[in-house]
2 protein chains.
Amino acid sequence: MKTPSGISGIHISTDREDLICYSFDASIAEPALPHAVAWPKNTDEAVRIIKYATENNLHVLPRGAGTGMAGASVPSGTECIVVSLEKMRKILDVDTKNMTAVVEPGVVNGRLQKDLEYLGYFYPPDPASLNICTIGGNVATNAGGPRALKYGVTRDYVMGIEVVLPDGSIINAGSKTRKHVVGYDLKDLLIGSEGTLAITTKIMLRLLPLPEDVITLLVIFKDLESSGLAVSKIISSKIIPRTLEFMDRSSIEAVENYKPTGLPENAEALLLIELDGYPLTVKKEAEKVVDICNRLEGEAIIAEDDIAREQLWEARRSISPALYQIKSAKINEDIVVPRDKIPSILVSLRKISEDTGLKIVSFGHAGDGNIHVNIMADKDDKEEYAKALNAVKKIFEHTLKLGGSISGEHGIGTVKAPYISMEIKERELQLMKGIKGLFDPKGTMNPGKIFI
Amino acid sequence: MKTPSGISGIHISTDREDLICYSFDASIAEPALPHAVAWPKNTDEAVRIIKYATENNLHVLPRGAGTGMAGASVPSGTECIVVSLEKMRKILDVDTKNMTAVVEPGVVNGRLQKDLEYLGYFYPPDPASLNICTIGGNVATNAGGPRALKYGVTRDYVMGIEVVLPDGSIINAGSKTRKHVVGYDLKDLLIGSEGTLAITTKIMLRLLPLPEDVITLLVIFKDLESSGLAVSKIISSKIIPRTLEFMDRSSIEAVENYKPTGLPENAEALLLIELDGYPLTVKKEAEKVVDICNRLEGEAIIAEDDIAREQLWEARRSISPALYQIKSAKINEDIVVPRDKIPSILVSLRKISEDTGLKIVSFGHAGDGNIHVNIMADKDDKEEYAKALNAVKKIFEHTLKLGGSISGEHGIGTVKAPYISMEIKERELQLMKGIKGLFDPKGTMNPGKIFI
């Protein structure tokens with residue numbers, strides 16, 4: 001590509017092999033080739049790219065690692081420049097006195113975790129893709145993860161943010177101090193905006209001291225109901241584990257067929273429970289949890305060391321890729337319901353599966369009501385796929401009726417855009433679209449996402 | 001007042017004694033009589049009031065208990081209807097399974113705390129005015145409090161919000177689930193907006209299990225520097241107390257003159273430290289804290305029971321009213337700096353006090369860098385008062401240079417409005433004003449606040 005003069009010196013490509021690499025994300029959204037891919041190395045380059053795009057009526061799609069599940073990172077078409085932040089991957093500052101870190105958006109979540117753990121601190125949000133996904137992408141989708149149950153989501157740890165607006169101006173929002181009441185909260189507006197408002201170029205994160213001890217338990221249940229009951233009994237006993245993950249029988253089978261890790265295939269449900277804190281506290285809590293599970297005929301196994309713990313987590317994190325072994329396509333939803341409504345939603349899911357004949361695999365974050373519902377369907381089998389899409393709508397209806405939400409972690413992107421008005425009412429959508437117009441009057445940023 | 005037909009049946013008054021009662025708040029802002037005061041009993045009445053006001057070109061000022069320190073609850077003048085939410089004071093729901101509560105805006109913070117504690121849960125935000133201030137007011141200012149050090153501020157506990165917009169439409173933002181990525185975050189935009197966007201009519205809060213044990217320590221220091229050093233040493237030892245409050249010598253003297261509680265008047269600084277959690281953990285942490293303080297020649301006293309604990313907190317909470325004994329007026333700022341910059345800001349404050357000859361009393365939340373700086377000045381002494389206002393600007397300059405912020409808890413209101421552009425840049429202010437225009441195109445809501 002002949003580099004346009006306004007962006008000389010910036011790494012940019014229109015080579016077909018590059019365009020293909022950036023034409024898709026981890027979702028079922030139809031891939032689309034962009035006009036070009038640009039890799040800014042710093043904020044100044046991001047400004048120059050966005051200005052060039054705005055002046056030439058091109059769209060801008062900021063992109064992290066492309067692990068998104070809702071299609072927000074799929075180009076809107078040949079008018080679109082993908083701005084990949086992967087070269088902005090410096091950890092700029094770790095300030096242990098104030099327990100903050102400043103990172104560029106391309107820093108991989110897992111790498112930051114490792115660096116911080118070495119210093120005795122930690123950054124709680126831990127999406128399953130943590131070894132690939134970037135902090136910038138996490139901010140764009142307000143990413144969660146298993147530890148959200150105790151520690152909250154990305155939003156709870158972003159203190160400040162630097163972004164570039166479509167007109168090329170650089171703005172800052174938030175503060176290095178946790179208390180901060182000076183004007184409207186632009187920071188939280190930007191978090192979770194899926195690249196539709198600005199390019200994030202710097203992020204200040206809040207850190208926590210690393211807990212002294214962690215105990216990981218795997219509990220095997222003979223029936224689904226008991227596992228659901230165990231979840232509510234643990235929480236109502238006032239123990240808040242850092243994770244409380246759930247796998248149904250189909251997820252267990254899928255993982256064992258894909259990459260055997262020794263999970264008991266005949267179990268009806270598993271809970272992966274992790275407790276952290278002071279050694280004595282954690283031990284006491286673990287005993288209580290084991291007791292609760294035993295009374296429900298759950299058989300608890302304690303991971304004796306880091307290797308055993310990693311093996312259990314490896315199994316949990318393998319579910320998503322493993323499911324592709326069952327069918328060439330899955331529709332992967334991430335509904336969330338109030339915690340006590342998990343048994344109800346599991347019943348609805350089973351009924352929908354029976355009514356449609358579709359295999360539905362469920363796993364996820366039982367502790368905070370966030371269930372990853374995978375409808376296994378062959379995309380080439382038009383009839384089956386249409387049935388699956390219809391099931392999605394039913395699942396959302398049941399979820400919303402229970403006071404839940406259609407997305408806990410993945411966001412809306414293009415995949416859930418047709419459903420957003422099931423949850424968000426017209427007046428609220430009007431305000432959101434008004435905000436979009438304020439930040440991005442020409443519609444430069446990631447068009448066709450969230451709102452359609 | 002002849003009640004206008006559109007709002008018949010709603011309690012509304014234009015009696016002079018009512019207007020006077022609602023003409024001021026806890027700030028130094030000049031009182032102003034409103035046009036009327038209305039007391040809606042439910043959302044529907046709030047809608048009818050706001051519609052009436054909009055149609056008649058009147059302003060609307062939503063008001064909690066009027067404990068605000070920045071003038072946001074002072075009427076803009078005779079075109080203004082004060083909408084006092086004090087009659088909407090029902091706790092609508094406490095859901096222990098999901099650890100949430102739904103309250104009306106007029107519920108008093110301290111009353112909610114007591115009700116929840118009885119059930120074994122707690123709502124962390126605890127502004128010093130907690131026995132008077134309302135949750136609605138807390139939301140409007142994103143209120144903090146001593147426990148913010150460990151638990152965060154109001155924003156961290158508001159899950160969902162129902163508000164009435166100036167056009168009378170009712171919108172909902174947020175979710176009963178902590179994970180939620182569906183469109184832009186309108187909830188956080190409304191939190192901290194100081195009544196300039198909408199009337200809050202319902203709030204869903206996140207609760208936590210009540211910690212099993214609390215230990216309260218009072219530590220007496222012979223010099224200011226040691227107390228500052230103790231704060232950073234405690235945090236860097238990876239202990240996060242739930243509170244880490246600081247009082248300088250002048251604050252101690254003021255409290256003892258106002259309402260003697262037995263604080264040692266010859267101390268140069270006090271730290272009020274509270275640890276919570278499992279009994280064994282808390283005990284271990286308290287021992288560490290005492291050891292750190294002893295090495296800095298701090299003398300620690302442990303509150304043996306609830307009465308002793310309450311007495312210590314009573315002293316801390318009396319500082320603000322006690323200061324009026326020194327001078328008829330105080331300019332009460334609530335700057336916040338990164339925690340490790342506390343020694344630097346204390347040095348600056350001392351220098352400003354010496355240079356100007358003004359008495360400056362400092363106390364507050366040392367753990368999170370939020371210092372309440374009180375410049376004692378007689379409002380009738382024009383020269384002294386002008387000097388004091390000049391000192392405010394200097395203090396803000398020093399604060400911002402240290403990476404801090406001009407308001408940690410109080411917000412901007414009218415009192416800090418002249419200074420907002422010292423911290424928030426033009427482009428960010430433009431966006432904020434744009435948002436104001438979107439929510440409130442006719443400028444109905446609480447005009448003259450935040451932005452001038």
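Being predicted, the model is read with limits: local features need pLDDT of at least 70, side-chain atom pairs count only at pLDDT 80 or more, and totals for chains, interfaces and linings use all residues. Residues are numbered from 1 along each chain as its sequence is written, chains are lettered from A in the order in which they are written, and side-chain values use heavy atoms, with hydrogens and water left out.

The axes of helix 7 (residues 224-236) and helix 9 (residues 279-295) of chain B come within 10 Å and cross at roughly 145°. Here helices are DSSP runs of H or I with at least four residues, strands are E runs of at least two, and both are numbered from the N terminus. Axes are lines fitted to C-alpha atoms, for helices over the stretch in contact, with angles from 0 to 180 degrees between N-to-C directions. On the helix 7 side, the contact (heavy atoms within 4.5 Å) is made by B:Ala230, B:Lys233 and B:Ile234, and on the helix 9 side by B:Val289, B:Ile292 and B:Cys293.

Aromatic rings come next. Rings of Phe, Tyr and Trp (its six-membered ring) pair if their centres lie within 6.5 Å; planes under 30 degrees apart count as stacked, over 60 as edge-to-face and the rest as tilted. The count comes to 10 aromatic pairs over all chains. One of them joins A:Phe396 and A:Tyr419, with ring centres 5.0 Å apart and planes at 80°, so the pair is edge-to-face. A:Phe396 lies in helix 12 (residues 382-401) of chain A and A:Tyr419 in the loop between helix 12 and helix 13 (420-423), so the pair ties together parts that are 23 residues apart in sequence. Both A:Phe396 and A:Tyr419 are buried, where buried means under 20% relative accessible area, exposed over 50% and partly exposed in between (1.4 Å probe, protein chains only).

In chain B, the rings of B:Phe122 and B:Tyr151 have centres 5.1 Å apart and planes at 85°, so that pair is edge-to-face. B:Phe122 sits in strand 7 (residues 121-122) and B:Tyr151 in helix 5 (residues 148-151), 29 residues apart.

Finally, A:Asn446 lies in the segment after helix 14 (426-439) of chain A. A:Asn446 is buried, with a relative accessible area of 2%. Leaving aside neighbours within four places in sequence, A:Asn446 is in contact with residues including A:Val60, A:Ala72 and A:Glu194.
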